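Please examine the chain shown below, with its coordinates open in a viewer.

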Amino acid sequence: MFCEKPLALTAEQATEIVELGRRLGLRVCVAPDTFLGPGIQTCRKIIDEGLIGEIVGFTANLDTPGHESWHPSPLFYYQPGGGPMRDMGPYYLTALISLLGPAKEVFCYTSTSFPTRMIKGQEVEVNIPTHYAGLMKMKSGIFGNISVTTAIRYFSMVNYSCKVLPEVLSIDEFKCNAGGEKYQSIITDAKNRKVIDILPNRKKSDLIRYFKQFDNRKNVKYVVMDMNPHFREVAQICFPNATIVIDRYHVTRQAIWAMERVRKAEQKAL
């Protein structure tokens with residue numbers, strides 16, 4: 001028997017499912033199975049080999065603005081059976097139990113951050129907790145905290161005021177789902193490791209318009225970026241005297257992806 005997460009909404013319901021499987025002679029399994037992936041299994045190996053010494057505690061945290069920022073049908077998330085702990089919590093709990101053993105004691109506070117949410121232009125009532133702060137103690141004696149929350153982020157309260165561009169300018173994109181745009185651009189002073197501005201999108205025309213407002217563009221000596229062709233074109237137009245530098249993380253990632261494609265192709269051929 002395989003069940004999508006969560007297995008049940010109450011301990012009584014979970015016990016009923018386990019007993020049913022026992023009577024039928026079936027093994028009861030539940031998602032997620034992500035703990036079998038290379039990330040958690042590598043952690044398992046490191047722990048088993050004692051490479052990080054004795055584990056005495058842990059912490060697991062998830063912060064998200066809510067499913068309405070990306071899910072095509074997010075209403076379920078704020079109804080009984082949904083919420084951050086039952087939807088995303090199983091990934092964290094499964095990983096912790098896989099690595100540290102079964103839980104012995106659990107204690108948790110919950111609250112609802114906002115009584116209503118705006119979903120596709122309509123205000124809907126939130127009928128479940130959206131903030132969890134819990135403590136877990138494992139049978140091994142290891143204990144720690146787990147927190148999952150869904151809070152609305154107010155980016156309008158963050159205000160960067162950039163008047164002069166740095167000599168070493170870095171530009172990258174990140175997924176934020178803000179202002180109707182899926183991706184935003186972040187501009188940083190790479191030499192001094194400071195954020196100097198966050199732009200509402202990554203469109204080439206808007207980036208060019210933004211950079212051309214600065215009088216000291218000719219003082220920019222290096223522009224650091226990933227392999228995004230739009231960023232390269234923006235740099236060539238706005239900073240013709242600057243050297244374009246591709247950061248090594250993205251070069252390494254491309255190499256790893258290429259090796260992974262070959263590995264998968266060879267594995268399928270076996």
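The model under discussion is predicted. By that assignment, Arg193 falls in the loop that links strand E10 (181–189) with strand E11 (194–199). The backbone of Arg193 has a positive phi, near 55°, although the residue is not glycine. Because exposed means over 50% relative accessible area, Arg193, with a relative accessibility of 79%, counts as exposed.

Strand E10 itself contains Thr188. Is Thr188 buried or exposed? Its relative accessible area is 18%, and the limit for a buried residue is under 20%, so Thr188 is buried. Apart from residues up to four places away in sequence, Thr188 touches Pro166, Val168, Leu169 and Ser170, and also Lys194, Val195 and Ile196.

The chain as a whole has seven helices and 13 strands. Its radius of gyration is 24 Å, whereas the globule rule gives 18 Å for 270 residues; the value is well over that figure, so the chain is more spread out than a compact globule. Along the principal axes, the C-alpha atoms fill a box of roughly 75 × 50 × 40 Å. Of the 270 residues, 30% are buried. Among contacts in the chain with a separation of 6 or more, 55% are between residues 24 or more positions apart.

One joins Lys5 and Pro6, with omega at about -10°; Pro6 sits in the loop between strand E1 (2–3) and H1. Another runs from Ala31 to Pro32, with omega near 5°, and Pro32 belongs to the loop between strand E2 (29–30) and helix H2 (38–48).

Helix H1 comprises 14 residues and spans 20 Å from its first C-alpha to its last, close to the 20 Å expected at 1.5 Å a residue. Gly25 follows H1 and has a positive phi, near 70°.

Which residues lie nearest the centre of the largest pocket? They are Pro6, Leu7, Pro90, Leu93 and Ile97, out of 29 residues that line it. The elements that give two or more residues to the lining are helix H1 (11–24), helix H3 (84–87), helix H4 (89–100), strand E4 (103–111) and strand E7 (131–138). H4 supplies the largest share, five residues. The pocket has a volume of about 960 Å³, and its lining consists of 22 nonpolar, four polar and three charged residues.

Ala60 lies in strand E3 (residues 57–64) and is buried, with a relative accessible area of 8%. Neighbours within four places in sequence aside, the residues in contact with Ala60 are Tyr92, Leu96, Asn145, Ile146 and Ser147.

Technical notes: Residues are numbered from 1 along each chain as its sequence is written. This is a predicted model: local features need pLDDT of at least 70, side-chain atom pairs count only at pLDDT 80 or more; totals for chains, interfaces and linings use all residues. Side-chain values use heavy atoms; hydrogens and water are left out. On a 1 Å grid over the protein atoms alone, a cavity is a set of points where a 1.4 Å probe fits but cannot get out, and a pocket is an open set with protein on both sides within 12 Å along at least five of seven lines; lining residues have an atom within 4 Å of a point. Grid points are joined across faces, edges and corners, and a volume is the space filled by probe spheres set on the points. Helices (H or I, at least four residues) and strands (E, at least two) are DSSP runs, numbered from the N terminus. Ala, Val, Leu, Ile, Met, Phe, Trp, Tyr, Cys and Pro count as nonpolar, Asp, Glu, Lys and Arg as charged, and the others, Gly among them, as polar. The expected span of a helix is 1.5 Å times one less than its number of residues. The radius of gyration is taken over C-alpha atoms; the globule rule is 2.2 Å times the number of residues to the power 0.38. Buried means under 20% relative accessible area, exposed over 50%, partly exposed in between (1.4 Å probe, protein chains only). Contact means heavy atoms within 4.5 Å.
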